[in-house]
Amino acid sequence: MAKRVHRPREDAEFDFILGMSGVPVLAYFIGTWPKAIEPCRMMDLVVGGIADEYTGRLTVLRADITRCPAATERYGITGAPSCVLLKDGEVVAHGTGPMSIAEMGSFLDGHL
């Protein structure tokens, strides 16, 4: 996982990082239950590459659904992996399920 991916341990840390970002935020939600582990691991590689490619233009948060339940509820996350793109704290795009790096790039470029 890229060093540019923030991994909040709780909702307060998630909100702090979100509030401190001066650029759009990609909040990537993962699950730790058996059926979510493999798709989330695949997305870790994609999101890590995106964090490197979009350095300075995007803040990336990797949030565990069980550790950040308030953020999970706030953004209507119902499955993992899921991504929410936020600008000025407002949701501008939402994606669910694994994506390739090309699909993730298209997802972001259409909204950044």
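## Helix against helix

Helix axes here are lines fitted to C-alpha atoms over the stretch in contact, and the angle between two of them runs from 0 to 180 degrees between N-to-C directions. The model is predicted. Two packed helices are described by the angle between their axes and the distance between the axes.

Take helix α2 (residues 34–53) and helix α4 (residues 101–109). They pack at an angle of about 50°, and their axes are 9 Å apart. That angle makes α2 oblique to α4. The crossing of the two helices is right-handed.

Which residues make the contact? From α2 come Met43, Val46, Val47, Gly49 and Ile50. From α4 come Ile101, Met104, Gly105 and Leu108. Seven residues of this contact are nonpolar and two are polar. No charged residue takes part in the contact of α2 with α4.

## The whole chain

From the N terminus on, the elements run β-α-β-α-β-α-β-β-α.

The C-alpha atoms fill a box of roughly 35 × 30 × 25 Å, taken along the principal axes. The radius of gyration of the protein is 12 Å. A compact globule with 112 residues would have a value near 13 Å, so the two agree.

## The sheet

Five strands form an open sheet. What is their order? It is β1-β3-β2-β4-β5, and the pairing is mixed. The edge strands are β1 (5–6) and β5 (90–96). Each of these edge strands pairs on one side only.

Look at β4 (residues 82–87) and its two partners. Strand β2 (residues 25–30) pairs with β4 in the antiparallel sense, over five bridges. Within that pair, leucine 26 has leucine 85 of β4 as its bridge partner. Strands β4 and β5 also run antiparallel, joined by six bridges. There, cysteine 83 has glycine 95 of β5 as its bridge partner.

## Helices on the sheet

Helix α1 (residues 11–20) lies across β1, β2, β3 (59–64) and β4. Its direction runs at about 170° to β3.

Helix α4 packs on the sheet too, touching β2, β4 and β5. The direction of α4 makes about 25° with that of β4.

## Two spots in the backbone

Most residues other than glycine have a negative phi, and most peptide bonds are trans. Two places in this model are worth checking against that rule.

A cis peptide bond joins alanine 80 and proline 81, with omega about 0°. Proline 81 is found in the loop between α3 (69–74) and β4.

Is its phi positive or negative? Aspartate 88 has a positive phi of about 50°, although it is not a glycine. Aspartate 88 is found in the loop between β4 and β5. These strands form a hairpin with two residues between them.

Conventions. Residues numbered from 1 in each chain as written. Predicted model: local features only at pLDDT ≥ 70, side-chain atom pairs only at ≥ 80, totals over all residues. Heavy atoms only, no water. Helix = DSSP H or I, 4+ residues; strand = E, 2+ residues; numbered from the N terminus. Parallel < 35°, antiparallel > 145°, perpendicular 65-115°, else oblique. Left-handed = near helix turned anticlockwise from the far one by under 90°. Contact = heavy atoms within 4.5 Å. Nonpolar A, V, L, I, M, F, W, Y, C, P; charged D, E, K, R; others polar. Pairing = 2+ DSSP bridges. Rg over C-alpha atoms; globule rule 2.2 N^0.38 Å.
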